[in-house]
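Thanks for coming. Please have a look at it first.

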Amino acid sequence: MKNYNVGVIGCGRIASLLEQESDRGNPNTHAGCYDICEKTRIIAAADKSDYRLQAFGNKWNVSRLYNDWQEMLNVENLDIVSVCTYPIPHRDMVVSSAQSGVKAIFCEKAMATTLGQAYEMIDACKRHNVKLSINHG
């Protein structure tokens, strides 16, 4: 059985923190879903906040932590990337992830801040044969 290496960009609410809200039921975050899937394992994460990054690493047993998402994409051999940030950087994160050789990208909503950026994201994923999912559920 093939296992897929996952990298998470943005370690906040939808990436991990919602798991702490017991009334929601679990899993309800990107990390929570990867954690219960036998075929995926989170091997790396990136966030500007050292606090969020360390908390994420501790909760999900991830030791390869980056303050720079581009460095993570350059260093790690990832199959899947979850983009769990606010929308403004989504375009750059998705395009760079597609160019890095991943097989799939899960990007949170809103997809982009302009229609042009959304088309750029789709085009980059098509060119690199990457599956792109927006606000999956």
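How much of the accessible surface of the protein belongs to carbon and sulfur atoms? The answer is 47% of about 7,600 Å², with areas from the Shrake-Rupley method and a 1.4 Å probe, where for residues only the protein chains shown count as cover.

A word on the source. This is a predicted model, in which local features need pLDDT of at least 70 and side-chain atom pairs count only at pLDDT 80 or more, while totals for chains, interfaces and linings use all residues. Residues are numbered from 1 along each chain as its sequence is written, and side-chain values use heavy atoms, with hydrogens and water left out.

Now the layout. The protein has 5 helices and 6 strands, in the order β-α-β-α-β-α-β-α-β-α-β. Here helices (H or I, at least four residues) and strands (E, at least two) are DSSP runs, numbered from the N terminus. The radius of gyration is 14 Å, close to the 14 Å from the globule rule for 137 residues, so the protein is as compact as a globular protein of that length. That radius is taken over C-alpha atoms, and the rule is 2.2 Å times the number of residues to the power 0.38.

Of the 137 residues, 45% are buried, meaning under 20% relative accessible area with a 1.4 Å probe, protein chains only.

One of the partners is Ala 44 in β2, which bridges to Gly 7.

Technical notes. Buried means under 20% relative accessible area, exposed over 50%, partly exposed in between (1.4 Å probe, protein chains only). Two strands pair if DSSP finds at least two bridges between them.
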